[in-house]
Amino acid sequence: SQQGCDPFAQTQRSKLQHRRARINQQINKEMRMRAGAENLFRATSNHKVKETVALELSYVNSNLQLLKEELEELNSSMDVYQNDSESISVPMIPLGLKETKELDLLVPLKDLISEHYGEEGVLFEKEIKEFMELRQAMRTPSRNEAGLELLMEYYNQLYFLDSRFFPPTKNLGVFFHWYDSLTGVPSHQRALAFEKGSVLFNIGALHTQIGARQDRASLPGLNQAIDAFQKAAGAFNYLKENFSNAPSLDMSAASLNMLVRLMVAQVQECVFEKMTLLCTQHDFLSRLQLAQEAARVEDVYSLVHQTMTQAHVKDYVPFSWTTMVHVKSEHFKALSHYFAAIALCDCPAASDAELPEQEKAFIQFHVTMPEGPSLRILLQDPEERRKLGKAHLKKAIMKHEEAMRIHGLCKILRKMDILQEVLSFAHKRSLSKYSEIDHEEDFFETGDAPDIHPKTLQKPEIKSPNFSQVKVTDLFHRLGPLSVFSAKNKWYPVRRVHLMRGENGFGFTLRGDSPVLIAGVIPGGCAAEAGLKEGDYIISVNGKDCKWSKHAEVVQLLKSTGEEGVEIGVITLQGSEGPKAADKKAAAMSSGSGLQKSNKENSRKSLMNSKSASTLLVWSKKSKRSKKSTYSVPFTTVGDNEAMY
């Protein structure tokens with residue numbers, strides 16, 4: 001069985017997770033106190049009591065404020081998630097996992113198994129405990145492929161849990177409790193969709209942690225970081241498209257949209273680093289390319305910054321994240337101007353042979369054309385190149401200073417020396433280049449360099465989660481095939497029927513397997529006498545369970561009966577009596593495959609009564625019973641995969 005990593009292993013990250021859990025519990029307590037105080041405040045007319053309560057409320061509110069600040073500081077402990085390599089990489093933003101409370105399903109599932117399935121609940125304790133152990137393990141996944149597989153395995157297991165135990169009309173009476181990963185505020189819901197969405201969120205969050213810990217000074221590390229952030233973007237995007245009306249802010253559409261954009265920006269930043277690593281030539285064209293890649297990173301971070309500062313997002317995004325994103329957009333703008341200057345000043349002027357290619361690249365390089373001479377003259381005249389290069393450096397230096405100024409406004413970021421180091425290194429590099437190309441006799445006023453047109457050689461992809469990569473078997477397999485034994489089907493209690501074989505056999509036709517269906521009953525035959533009906537399913541023969549048995553196995557058991565006859569256990573699905581039964585089943589089965597994208601996991605109605613768990617996606621599990629469909633064959637003839645017995 002899968003293991004989570006030991007939650008008590010005192011690594012830096014688990015200490016963080018523990019502190020986060022503790023703060024979440026304190027926030028939970030304060031919120032309960034606040035709710036109680038607010039109710040009392042509304043209910044009482046006594047002036048004295050009102051004053052006392054108002055005072056208590058102000059305490060609780062300031063406590064909440066402090067706790068949220070402490071949580072924000074934890075959410076910003078990006079360094080714990082970064083790698084330990086010596087080389088300097090700009091820190092990335094990882095997300096903390098959502099915490100959840102323990103869940104005891106033993107009694108509710110045992111009750112449902114005996115009520116709905118008519119089986120002894122006690123006999124399924126092993127399976128229920130196994131499910132609960134899996135849930136327990138997935139609360140502390142390790143930060144690697146195994147941790148991701150553990151979350152995926154649990155997510156896939158929820159498909160079976162839903163099909164088996166969440167009937168459309170009734171809820172299980174258990175609440176799923178999860179804490180908001182950004183604010184620590186607790187939420188709970190009966191809908192299994194909330195559990196599923198939260199696990200999916202954690203799949204995304206774990207990818208961000210894996211991405212942030214890669215050593216991005218090497219190409220393999222960069223490629224792994226790119227892959228991890230693309231998959232994180234995919235998980236958050238999938239969540240946004242398939243679940244709606246989540247009870248917690250971190251899973252609201254606005255928040256998920258922001259997270260997808262943040263991940264895409266982090267991918268784009270890694271792409272820039274990759275181009276820097278691969279760029280061994282220091283020629284004119286590759287430097288223009290680096291400038292355009294940097295402009296592209298600036299572009300995506302500006303978009304993230306806009307998204308983070310929107311009214312309904314800015315209140316709960318950690319200030320350090322918003323600042324970091326703002327700093328990065330200024331920093332990469334500075335870099336784009338720096339590389340433009342280097343291309344102009346450090347590369348020899350274009351020869352006649354190089355001119356056409358350089359001109360073509362340079363036409364699309366600036367957002368607006370630089371003032372001054374024509375491109376031809378500019379590219380071939382070292383002095384003109386120096387002038388424009390100097391204008392680019394001037395702009396770069398202004399942007400470096402702006403990045404450092406914004407960085408200094410956030411006390412949490414000020415503690416991050418790595419970022420400080422990167423910013424001041426880039427600033428000094430631009431300054432020294434400026435003084436190198438600055439001539440004392442320069443009397444011209446340095447112009448304003450136009451911005452660089454953003455362009456990338458590797459567009460980020462949003463990679464949706466691939467749930468099928470982790471194969472799971474239904475823990476509650478013993479309840480029988482899902483096509484019949486599911487939460488949404490109802491059936492009459494098992495009937496035990498004693499059959500003797502007449503000279504024409506038992507007098508029924510059988511079809512399909514697991515479970516085998518009685519397709520037709522011959523009037524006046526033994527089966528008809530014994531009260532068997534078409535549409536009945538055979539679930540046991542002589543006490544042997546046949547729910548999963550193949551057609552041939554059941555036939556073999558029937559054929560091997562002697563004089564004393566045979567005892568068959570059958571069930572009839574409610575609402576399926578009559579000759580159309582098999583057709584209904586065929587229709588039900590054919591509609592079971594294919595993921596219904598349009599069916600939002602958590603439609604508005606289900607939230608109103610928070611009872612309905614039927615709003616979960618229809619997962620694309622292929623039906624087990626893909627025997628040739630002769631469902632529409634009239635029962636008088638015997639179809640090719642049904643036979644008379």
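Here is a short tour of ring pairs, a ring cluster and some charged neighbours. Keep in mind that this model is predicted.

**Stop one: the ring pairs.** Rings of Phe, Tyr and Trp pair here if their centres lie within 6.5 Å. By that rule, the count is 16 aromatic pairs. To see one of them, select Tyr-159 and Phe-160: the ring centres sit 5.0 Å apart and the planes meet at 65°, so this pair is edge-to-face, the angle being over 60 degrees. While you're there, are these residues buried or exposed? Tyr-159 has 14% relative accessibility, so it counts as buried. Phe-160 is buried too, with a relative accessible area of 10%.

**Stop two: a pair across two helices.** Now pick Phe-201 and Phe-236. Their ring centres are 5.3 Å apart with the planes at 55°, so call this pair tilted. Which parts of the chain does the pair link? Phe-201 belongs to helix 7 (residues 192-212) and Phe-236 to helix 8 (residues 219-242), distant parts of the chain with the two residues 35 apart. Both Phe-201 and Phe-236 are buried.

**Stop three: the cluster.** Next, select Tyr-117, Phe-165, Phe-476, Phe-485 and Trp-491 together; they form one aromatic cluster.

**Last stop: an arginine over a ring.** Finish by selecting Phe-124 along with Arg-478. Here Arg-478 lies over the face of Phe-124, at 4.3 Å from the ring centre.

Key. Residues numbered from 1 in each chain as written. Predicted model: local features only at pLDDT ≥ 70, side-chain atom pairs only at ≥ 80, totals over all residues. Heavy atoms only, no water. Phe/Tyr/Trp six-rings, centres within 6.5 Å; stacked < 30°, edge-to-face > 60°. Buried < 20%, exposed > 50% of the residue type's maximum accessible area, 1.4 Å probe, protein only. Helix = DSSP H or I, 4+ residues; strand = E, 2+ residues; numbered from the N terminus. Lys NZ or Arg CZ within 6 Å of the ring centre and 35° of its normal.
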